[in-house]
Amino acid sequence: MIYPFHHKSPKISASAFIADYVTITGDVVIGDEASIWFNTVIRGDIAPTIIGKRVNVQDNCVLHQSPNNPLILEDEVTVGHQVILHSCILRKNSLIGMGSIILDNAEIGEGAFIGAGSLVPQGKKIPPNTLAFGRPAKVIRELTLDDIKDMQRITREYAEKGQYYKKLQQSK
């Protein structure tokens, strides 16, 4: 379901895949070839949410903001199942593991990997190309070439899968 909120309506690229049972409301922008998966809620009713190109937001995620504090997902970000994102910034090519929570003013560096089930508290900055894990999340190590290749594979496969499902939707 797509809803306006106070004269602001979501702007969704024609090439993005929006799965069934997704709710998007208000000041939300979704970029080219992004994919938003089943049962996700994206509310842009307090501040903007900006989702870049080839981003995938997997099943059962919740994306929201605090007043005057946007939520920004740069290009080619992967957001795992059941993640909560609130007024944070996810830099290009980052990956947020399943069940994680990223809070206000946290910033996940370019190419960083947040391990499943982690909590990134308010204002925490995770450096680029690192693995952070825990509650609260702490940097564990630098990413390896194998880590980076696996993250790129996930992004690529979700972009391809999203386009596959988009074609199925269009053929209905």
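I began with Y165, which is partly exposed at a relative accessible area of 31%; here buried means under 20%, exposed over 50% and partly exposed in between, with a 1.4 Å probe and protein chains only. Before going on, I noted that this is a predicted model, where local features need pLDDT of at least 70, side-chain atom pairs count only at pLDDT 80 or more, and totals for chains, interfaces and linings use all residues. Residues are numbered from 1 along each chain as its sequence is written, and side-chain values use heavy atoms, with hydrogens and water left out.

I then placed Y165 in helix 1, residues 145-171 (helices are DSSP runs of H or I with at least four residues, strands are E runs of at least two, both numbered from the N terminus).

Next I looked at the surface. Y164, Y165 and L168 make up a nonpolar patch there, with about 290 Å² of accessible area together. For a patch, residues need over 30% relative accessible area and no salt bridge, and nonpolar side chains are joined within 5 Å. A salt bridge is a side-chain nitrogen of Lys or Arg within 4 Å of a carboxyl oxygen of Asp or Glu. The areas are Shrake-Rupley values with a 1.4 Å probe.

Which rings join Y165 in a cluster? I found F17, W37, F38, Y158 and Y164 linked with Y165 by ring pairs, where a pair has ring centres within 6.5 Å. The structure holds seven aromatic pairs. I also saw K161 over the face of Y158, 4.7 Å from the ring centre; the cut-offs are NZ of Lys or CZ of Arg within 6 Å of the centre and within 35 degrees of the ring normal.

I finished on strand 19, where four of five residues are buried. Strand 16 (residues 113-114) pairs with strand 19 (residues 130-134) in the parallel sense, and F113 has L131 as its bridge partner. Strand 20 runs antiparallel to strand 19 over five bridges, with T130 opposite E142.

Methods:
Pairing = 2+ DSSP bridges. Phe/Tyr/Trp six-rings, centres within 6.5 Å; stacked < 30°, edge-to-face > 60°. Patch = residues over 30% accessible without salt bridge, like charges linked within 9 Å, V, L, I, M, F, W, Y side chains within 5 Å.
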